[in-house]
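Thanks for making time this morning.

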Amino acid sequence: MATTIHCSLRPSMCSCGRQPSSISTSATRLSHKIISTAKPYFKELQQQFALRTRAVNSVSKRLLGAFVESTFTLSHQPLRPTEGNFAPVKEIGEIQEILDIAGEIPADFPEGVYIRNGSNPLFGALHSSKSIFGKSHDIWVEGEGMLHGLYFTKSSDNTWTISYTNRYVQSDTYRLEKELKKPCFIPSTDGDLPAVLIAAALNILMYGKAFKNISNTSVFEHAGRVFSAAENDNPHEIDLYSLGTLGSWNVDGEWKMPFTAHPKVIPGTGELVIFGFNLDRPFLTVGIVSADGKKLKRKVDIELDRCTYCHELGVTTTYNIILDTPLTLSKGRMLRGAPLIEFEKDSYARIGVMPHYGDASSIIWFYVQPFCTIHLVNCFEEDDEVIVRGFHVPSSIIMGPRLIDMTKETTKEYSRLYEWRLNLKTRKVTGKYLTGTEVALEFPVINNEYVGLCHKYAYAQVADSPASFAGGPGIVRPKFGGFAKILLDEKEDVTTKDTGREGLIKVEYHHLDRNQFCTGATFVPKVSGANEDDGWIVSFVHDEGTHKSEVHLIDTRRFGCGPIAKITLPQRVPYGFHGAFVSKST
């Protein structure tokens, strides 16, 4: 049976205001005049984008292209000395067998492929743009998706062969820029308002969309097929044996809208819960794909009143769990000169419990304290309650946490595990932190056999704050220096008079060596394992001292011990996002 891991976005180390780049006074006046007179035009363009209408004809495209080349200057975003492993790499070509293995691959480790997705910008780097309208930038989570795959193959005499390859996910915009041999899209995610709006408008006119389709976030499996995903586009089906892109998947033409990077399988039925959010109504749509992956069985508008940045939903045996948080996206706000994505700290937050085949009217909403949660650990039912567990993270996480003054770091900037208990009978909710402030945890994974069910264990990557801050002021690119095993049914052993820790749970740690950082950790269950935690954490690890990348296998029942195997890779693997292990039976 295929085993797939769902984990995703990245903890933020610090939450500080962004400083707009400066432009000349005359350029500012010109830009504001253009924006003022062209607001209706931009609205029309955005509607065209939402409806995927046709772009202008080829002659006009050539004229627009000439205008862009003469007006906009693209440049590479520089990386600081501490950020070398965020730089992209090239495709390695043919699959290469690996002989440099320290330790042994366990005999009961399953055959399959460990795949990790992540940003690998085409043409060498993320880009910034400068023009008379101001400056605009790609943000740190952008960049074309690249899959890194490690193949575990066992011969008839039980000898392991380990191989590696990497491939770009070939989205439509990747193929376009690859064919033209140059970056085509003007950065339009962040920057000066006039520059961002005009960049988006020109991208729409020339290419029919404001942003590139990057498919760089996660990997999932359904009905024997493997997909890469990012929430701004449909998933792309992947050839498991070459990592080549087979094409875009829209559920037989039934799902022509954004698609989550974290779909969830309903326990017992094998059906896949999917969703997508939009800047325009309907803001959030939830769907259910049949267990065989051939049919969209349900598609329903949740009827939200705002576009909330919903990165992940939860499932239980009976329900879908919906997060309506005040981390929102608003075109109107952007046109007023405020950020497109913003945490509305004075707004409301709520968690919805919805029957799998229910509609908006069937949702039971529980209002909670405003929070920002990107990744859930798991959800499940217990008597009259639905238990929801996820990581509270800083609200600056999407646009890029920014460090201005290292002395202002506070515990509010740490990602911590939180639990809500939603009582369906009394309609009351309680909540509490389960982990402390000494470490920041993110990218949670569990044994996938327990998704939607009560479970005892979870795993996460541990942020290395000094290493993340080492680059100095500016955008912080988080690094993770180890792993945590979270024992959800065991309380922390409080042997001192440390007040405020009595309700916290036990956490075990596996620390990497100095200057080593991990990415894309996933849990691989042991074949015929008797316990939930019978298995291994598998993760890419990069050593910034030796500039070598490895894959580590860690026995989760001997979590504090060293890796049972270290596999040295033939080239550097940049830090990325989510990983999955797909068994041979897929």
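I begin with a criterion: a charge counts as sitting over a ring if NZ of Lys or CZ of Arg is within 6 Å of the ring centre and within 35 degrees of the ring normal. This is a predicted model, in which local features need pLDDT of at least 70 and side-chain atom pairs count only at pLDDT 80 or more, while totals for chains, interfaces and linings use all residues. Residues are numbered from 1 along each chain as its sequence is written, and side-chain values use heavy atoms, with hydrogens and water left out.

By that criterion, arginine 116 lies over the face of phenylalanine 540, at 5.7 Å from the ring centre, and arginine 477 lies over the face of phenylalanine 86, at 5.5 Å from the ring centre.

Turning to ring pairs, the rings of Phe, Tyr and Trp (its six-membered ring) pair if their centres lie within 6.5 Å, with planes under 30 degrees apart called stacked, over 60 edge-to-face and the rest tilted. There are 26 aromatic pairs in the structure. One of them is stacked, namely phenylalanine 220 with phenylalanine 259, at 6.1 Å centre to centre and 10° between the planes. Both of these phenylalanines are buried, meaning under 20% relative accessible area, where exposed is over 50% and partly exposed lies in between (1.4 Å probe, protein chains only). Phenylalanine 443 and phenylalanine 480 form an edge-to-face pair, at 5.4 Å centre to centre with 90° between the planes, and phenylalanine 443 and phenylalanine 480 are likewise buried. Finally, ring pairs join Phe109, Phe152, Trp160, Trp536 and Phe581 into a cluster.
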